[in-house]
Amino acid sequence: MRRRRRLVLWIMLVVIAALVAVAARPAVHLIKTAYRDRPTMVPPPAGTVDDASRLNQTDVAQIVTLADVAGDTFAAQRELAALIGKARREGLRISIAGARHTMGGHTIYPGGIALDMRGFNAMQLDDSGILRVGAGAMWSEVIEYLDPRGFSVAIMQSNNAFTVGGSVSANCHGWQHNRPPIASTVEAFLLLKADGTTVRCSREKNAELFSLALGGYGLFGVILEVELRVVPNERYRVDRHVMPADAFPAQFASIAVGAADAAMAFGRLSVAADAFLEHAITSVFVRDPAGDGALPPLHEPGLRSLTRTVFRGSVGSEYGKKLRWDLEKTFGQHLAGRHFSRNQLLNEPVDYLSRSDATTDIVHEYFVPPEQFTSFLEQLRRIIPEHGGDLLNATVRHVLADDDTFLRYADRELLAIVMLFSQERTPEGEAAMEAMTRDLIDASLACEGRYYLPYRLHAMPEQFHAAYPQARAFFELKRKHDPDEIFQNRFYTTYGR
Ligand SMILES: Cc1cc2nc3c(=O)[nH]c(=O)nc-3n(C[C@H](O)[C@H](O)[C@H](O)COP(=O)(O)OP(=O)(O)OC[C@H]3O[C@@H](n4cnc5c(N)ncnc54)[C@H](O)[C@@H]3O)c2cc1C
């Protein structure tokens, strides 16, 4: 009897030891990550501006913010007309900024006037489902306003930390598959032009400026107010599918593109070296109205610091990358069948980026036709390791052709591959990222695709023009509408002159 008890005790001890051994490694890894993840970055000094890359700190003559006249479009028009007058007199240029999440100085002109639109954020929803919104409003504010009114944003990025003006000026897109980019949801906007006058642009009136300023990166004037078509907030059930990455286009076509009830969808690709871009987990958000029509209320996203630590633990760590994928696969299964409101899914903050002085995180995005996806993936599997790129995250989205903007990236149905890399903030880190980016752009061009414009300006001019053959005409039209080139930024000085 005593022997048996001792045996049971031993077995229990071995099991506990095994459990501790299994849990110890991830626990130690996450504790170490959390300890190292303390912020060390320094905000840009007064008189300078930077963007989300934290590689573009630049001296400017003046920073002007429109927050004081948040709801008063006429006051904003007067203030901006006076600012344009001053810029003309003093030979200054004006660059426009929303949340500064572009990464190539698209919001910056050295020695210029930096116009900060955040805070110009009043909004009003009318009975026909059109939201009139100040261009400086963040999506987080828009969602908070729409949620109690039963509405939601039709098309936006996968996070909420961007302004409406910055989003339409890049012509963003997100998890809303089977839809063109955001311009398709813009009914009209008020544009304050370089001559100091304000015009309403729509598909019918000032149609040329409508197509140029949407996706126009702030080069045609200040977008003051946008009329956005919004959609009902809905209740979704999440379905998850694990698949080989090469099978993604075919499977995505049947579970998302061709599924009438699927409202949003995206795929995430594995990034650990032992299965680099080999597997995909696809999340499909299926309309699933509750019997009484009740929607889960909007709440603060949970477990943010743990999610961040798991994510940051993948920087420079194969173990961390595998751990994140395994956790996503295992715990993700528990999400399957759960319900979310559309607004909750869209209300994701950008709180996962580097806070360290030594490194920064850089986004890349490439678009290729669905039938070229596997060829492009093969190129990614070769090029990224060749350059030692530290790929933290890769997602795939689906976007339909854009008929609205001049400098369009979605010239047909495309799959978008969005990647986030960690980079050293050193000249060597920058040179390595530039070389890799150029190879990746070549690969996307060879696959009849292109790269997305809001990120680092590493594309060589010939790559830029190959990707955007309409760009020369776009810049000529910029000079027609703004002959003194009042509105400028680094995107323009790099490719536009
Ligand atoms: C972490 C991260 C995730 C991202 N995810 C996505 C995604 O899922 N989908 C996607 O499509 N993109 C994505 N992006 C890119 C993002 O959509 C663009 O960078 C967008 O422009 C950011 O909005 P913003 O308010 O920060 O704009 P800013 O960077 O401030 O400005 C962008 C451009 O718009 C111009 N501009 C801003 N406001 C105005 C205005 N009122 N009038 C005229 N011009 C103006 C600026 O001059 C600038 O050229 C992501 C970027 C980051 C860093």
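**Notebook: loop histidine, ligand shell, aromatic pairs**

I began with His299, which lies in the loop between β15 and α7 (304–312). Helices (H or I, at least four residues) and strands (E, at least two) are DSSP runs that I number from the N terminus. The model is predicted, and I took local features only at pLDDT of at least 70 and side-chain atom pairs only at pLDDT 80 or more, while totals for chains, interfaces and linings use all residues. Residues are numbered from 1 along each chain as its sequence is written, and side-chain values use heavy atoms, with hydrogens and water left out.

**Entry 1**

I looked up the exposure of His299 and found it partly exposed, with a relative accessible area of 47%. The cut-offs are under 20% relative accessible area for buried, over 50% for exposed, and partly exposed in between (1.4 Å probe, protein chains only).

Next I went to Lys321 in helix α8 (residues 318–335). Lys321 counts as buried, at 5% relative accessibility. What does the side chain of Lys321 make a polar contact with? I found the side chain of Asp390, at 2.5 Å. A polar contact is a pair of N or O atoms within 3.5 Å; within protein, one must be able to donate a hydrogen and the other to accept it, and residues adjacent in sequence count only if both atoms are side-chain atoms.

**Entry 2: the ligand**

I listed 35 residues around the ligand, of which Ile96, Gly98, Thr102, Thr163 and His173 come nearest. A residue is near a molecule or strand if one of its heavy atoms lies within 4 Å of it. The shell divides into 18 nonpolar, 15 polar and 2 charged residues. Here Ala, Val, Leu, Ile, Met, Phe, Trp, Tyr, Cys and Pro count as nonpolar, Asp, Glu, Lys and Arg as charged, and the others, Gly among them, as polar.

Which element gives the most to the shell? I found α4, with 4 residues. β4 (94–97), α4 (164–170) and β11 (222–229) each supply at least two residues.

I then checked polar atoms against the ligand. A polar backbone atom of Gly98 is 2.6 Å from a ligand oxygen, and a polar backbone atom of Ile223 is 2.8 Å from a ligand nitrogen. A polar side-chain atom of Tyr455 lies 2.9 Å from a nitrogen atom of the ligand. Of the 960 Å² of accessible area that the ligand has on its own, the protein covers 99%. These areas come from the Shrake-Rupley method with a 1.4 Å probe; for residues, only the protein chains shown count as cover.

**Entry 3: rings**

I counted 24 aromatic pairs. Rings of Phe, Tyr and Trp (its six-membered ring) pair if their centres lie within 6.5 Å; planes under 30 degrees apart count as stacked, over 60 as edge-to-face and the rest as tilted. Trp175 and Phe285 are stacked, at 5.7 Å centre to centre and 0° between the planes. This pair links distant parts of the chain, 110 residues apart: Trp175 in the loop between α4 and β9 (186–192), Phe285 in strand β15 (residues 279–287). Trp175 is buried at 13% relative accessible area, and Phe285 is buried at 5%.
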